[in-house]
Amino acid sequence: MSAQKKRNFQIEAFKHRVVVDPKYAEKTWKILEHAIHEIYNHNASGLSFEELYRNAYNMVLHKFGEKLYSGLVSTMTSHLKEIAESIEAAQGDLFLEELNRKWADHNKALQMIRDILMYMDRTFIPSTRKTPVHELGLNLWRDNIIHSSNIQSRLHDTLLELVQRERTGEVIDRGLMRNVIKMLMDLGSSVYQEDFEKPFLEVSADFYRGESQQFIESCDCGDFLKKAERRLNEEIERVTHYLDAKSEAKITNVVETEMIKCHMQTLVHMDNSGLVNMIVDDKYEDLGRMYSLFRRVHNGLSIIRDVMTSHIRDTGKQLVTDPERLKDPVDFVQRLLDEKDKHDKIISLAFSNDKTFQNALNSSFEYFINLNPRSPEYISLFVDDKLRKGLKGVSEEDVEMVLDKVMMLFRYLQEKDVFEKYYKQHLAKRLLPGKTISDDAERSLIVKLKTECGYQFTSKLEGMFTDMKTSQDTMKGFYASLGPDVTDHPQLTVQVLTTGSWPSQSSATCNLPSEILGICEKFRMYYLGTHTGRRLSWQTNMGYADIKATFGKGQKHELNVSTYQMCILMLFNSADRLSYREIEQATEIPVLDLKRSLQSLACAKGRNVLGKEPMTKEVGEDDTFFFNDKFSCKLYKVKIGTVVAQKESEPEKQETRQRVEEDRKPQIEAAIVRIMKSRRVLDHNNIVTEVTKQLQSRFLPNPVLIKKRIESLIEREFLERDKVDRKLYRYLA
C-alpha cells in the first residue's frame with residue numbers, strides 16, 4: 001500500500017472588497033447628532049436606543065471614532081451655551097433653582113448619551129487616551145456653566161449670601177443648597193474648594209472675628225462661651241446638611257481660632273466672670289463648657305490648668321498661713337478637706353476627670369500643705385478629734401470615707417515621720433484612758449498607713465494595740481493571784497507598755513498617796529515574778545482614777561480625774577487648806593503639770609471641786625487652795641478634764657522636732673550604707689539624690705544633714721574619701 005500524499009490547506013482573503021459609502025460617516029453622525037439634540041430637548045421618548053447604539057458602534061468599527069468624539073464635544077458645548085444663557089437670565093432666588101434644574105437635566109441627558117456611546121467609551125476612548133463620555137460631560141458643564149464669566153461670581157456670591165442669611169437666623173432652602181454644593185463636589189474637589197470652600201472659609205473667618213469681638217465687649221465669660229458653643233454646633237450641623245464632610249474640620253477650626261483661641265487669655269481672666277470666679281462660685285456647667293471648648297485649641301487646657309493651679313496655690317497659701325485659721329487645728333484640716341472636695345468635684349463634673357488636672361491639684365495641695373510645718377501635727381489632731389468623738393454614731397462607710405480623706409492629706413505630707421510621731425502620741429492618749437470610739441476604725445487607719453508606707457512605719461503602732469491586749473490578760477492573772485485579798489485594796493488597772501512602741505515620755509514620777517502605794521507594789525512584785533529580765537517604771541502622767549468624794553450636806557459624787565489630780569485631791573483628806581508650795585512639795589508633780597491640774601480642779605466652771613484664793617484664771621505660786629464644800633452637780637459621775645493645750649506649746653514643739661531629727665539620723669545613715677554597698681564608689685551629689693529618693697516616702701532629708709551623716713560614717717570608717725577627687729566616696733567593706 002503506497003503512502004498517501006500530504007496536502008497543505010490555505011485560507012485566502014475574501015476576494016470581493018467591501019466598499020463603504022463615502023458619505024456613511026456624515027449620514028450616521030447626523031442621525032446621532034439629531035438624537036443628542038432630541039435628548040437635550042426632552043424628546044427622547046421617540047428614539048430607538050438600540051439603533052442609535054448600533055450606529056455609534058459601526059462608526060467606531062469603521063474608524064470614525066474621532067469624528068464621533070469631536071462631534072459629541074461640539075454638540076454638547078453648543079447645548080451648554082444655550083443652557084448658560086437660560087441660567088444667566090434667571091433673576092434673584094430663581095437663579096439657583098434654574099441652575100439646579102438644568103444640572104439635573106444635563107445629568108439625565110449625559111446618562112442617555114453615555115449608553116448610546118458605550119462602545120466608544122469601552123474601546124476608542126481608552127486606546128486614544130481621551131476623556132470618558134461622563135467625565136467629558138462634567139468637564140464641559142464646568143467650563144461652559146460654572147466657570148462662565150457671568151455665572152461663576154454670581155454663584156459664589158449667592159451661596160455665601162445664603163450662608164450669611166442662615167447665620168443671622170433666616171430660614172433658607174437647605175435642599176437646594178445641598179444639591180448645588182453636591183454639583184460642585186461632583187465636578188471635582190478642586191472645583192468645590194476653589195469656587196466655594198476657600199471663599200466660604202475666608203468670609204466665615206471675617207464674620208466670626210467681628211462677632212467674637214462684639215461678644216467679648218458686651219458679654220460675660222459664661223455667656224460668651226454659650227454663644228461660641230452654639231456657633232460651633234451650628235457650623236457642624238451646616239456641614240451635615242449641605243457641605244462636604246471634609247469641610248467640618250476646616251470650618252470648626254475657623255470658629256475655634258476666631259472665637260476661642262484669639263480670646264483665651266481675656267476669657268479666663270475676665271473680671272467678675274472668669275475662670276477663678278467660676279471655680280469660687282461652683283459654676284460646673286460653665287466650667288465644663290470652657291473645658292470642652294478650650295480643649296479644641298492648642299494649649300487651651302494648659303491655660304485653664306495654669307490659672308486653676310495658681311488660684312488653688314494662692315487660696316491654700318492664705319489658708320495655711322492665716323494665724324486666725326491656725327488657732328483651731330480641727331477646723332484647719334476640715335477646711336483643707338472641704339477645699340479638696342470642692343476641686344475634686346469640679347474636676348469630676350466639669351473637667352471629665354482629666355488626669356492632668358488631677359495631677360495639678362495634687363501638686364498644688366502638696367505645695368501649700370508643706371508651707372506650714374505644723375500640718376503633720378494638725379492632721380494627727382484632726383484624726384484624734386474624729387476618733388474620740390467626731391465619728392460617734394456614724395456609719396462604717398462614712399468612717400471609712402473620713403479616714404480615706406485623711407490618708408489623701410497624709411500623702412501630700414513631705415514629713416510623714418513627723419505625723420507618725422504626733423499620731424503615736426495622740427493614739428496613746430486615746431488608748432490608755434479608753435477614749436477611742438472604735439477599735440475597728442483605729443485599726444483600719446493603721447492598715448491604710450501600712451499600705452501607704454510599709455510595715456516599718458506602723459510596726460510600733462501595732463505594738464501599742466498588742467500591749468493593750470496583753471495588759472488585759474496580765475490584770476486577770478494579777479487579780480487571780482490576790483485571791484480573797486482583792487477587796488482590801490483600791491481597784492487597780494495597769495497597762496504595761498513596751499518602751500520602744502509607745503511615745504517616749506519623761507519619767508518624772510510623783511508621790512502617790514499611801515492608799516495606792518500598797519497595791520502598786522503588789523502588782524510590781526507579781527509582774528517581775530512572772531517576767532524575767534524586765535524593769536517597770538510608773539508613768540504617772542499618763543494615768544487616771546475614779547475617786548469618791550463627799551461634799552457639803554452629804555452630797556456624794558464620783559470624780560473621774562487624772563493621776564496627778566488624784567494625788568492633789570487626796571491631800572485634802574487630812575487638810576482643809578493648802579498653799580501651792582505645800583502641794584508641790586507633797587506631790588512632787590512637775591511644775592507645768594501641777595499648774596494645769598490645779599487650774600482644772602479650781603478654775604473650771606461647774607467642775608471646781610477646789611476653791612482658790614485669789615480667784616483668778618491662772619495659777620500662781622502664792623495661791624492657796626481649799627476643799628469646795630459648796631460644789632454641786634446634777635450628775636453623780638463628774639469628769640474633770642485637765643486644762644491642756646490642744647496644740648503643742650513652743651518648747652514641746654521644739655522637743656518633738658528634736659526627737660524627729662534624732663530619729664532621722666540612723667535612717668539617713670542606713671540609706672547611705674545601702675547605696676554605697678551596692679554602688680561601691682559614688683560622688684557626693686549622686687549620694688544626696690539617691691538618699692532623697694529612698695527616704696522621700698517618709699520625709700525629705702536636708703542635704704546638710706546628709707552631708708553630716710556622711711562625715712560621721714567616714715569618721716567611723718564605713719566610707720572614705722577618694723585621695724584625688726575629694727567629692728568622691730568609697731565604701732569600706
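What distance separates the centres of domain 4 and domain 5, taken over C-alpha atoms? In this predicted model, the separation of the two centres is 53 Å. Domain 4 covers residues 544-639 and domain 5 covers residues 656-731. The division of the protein chain also includes domain 1 (23-145), domain 2 (150-298) and domain 3 (468-530).

Two packed helices are described by the angle between their axes and the distance between the axes. For helix H4 (residues 94-116) and helix H8 (residues 174-186), the packing angle is about 55° and the axes lie 10 Å apart. Because of this angle, H4 is oblique to H8. The two helices, H4 and H8, cross in a left-handed sense. On the H4 side, the contact is formed by Leu96, Glu97, Leu99, Asn100 and Trp103. The H8 side contributes Leu176, Asn179, Val180, Met183 and Asp186. By residue class, the contact of H4 with H8 comprises six nonpolar, two polar and two charged residues.

Side chains of opposite charge can pair when their charged atoms come close. With a cut-off of 4 Å between a side-chain nitrogen of Lys or Arg and a carboxyl oxygen of Asp or Glu, the count of salt bridges is 50. One of these joins the side chains of Glu258 and Arg209, with an N to O distance of 3.3 Å.

Conventions
Residues are numbered from 1 along each chain as its sequence is written. This is a predicted model: local features need pLDDT of at least 70, side-chain atom pairs count only at pLDDT 80 or more; totals for chains, interfaces and linings use all residues. Side-chain values use heavy atoms; hydrogens and water are left out. Axes are lines fitted to C-alpha atoms, for helices over the stretch in contact, and angles run from 0 to 180 degrees between N-to-C directions. Helices (H or I, at least four residues) and strands (E, at least two) are DSSP runs, numbered from the N terminus. Angles under 35 degrees count as roughly parallel, over 145 as roughly antiparallel, 65 to 115 as roughly perpendicular and the rest as oblique. A crossing is left-handed if the near helix is turned anticlockwise from the far one by less than a right angle, and right-handed if clockwise. Contact means heavy atoms within 4.5 Å. Ala, Val, Leu, Ile, Met, Phe, Trp, Tyr, Cys and Pro count as nonpolar, Asp, Glu, Lys and Arg as charged, and the others, Gly among them, as polar. Domain bounds come from an automatic or database domain assignment.
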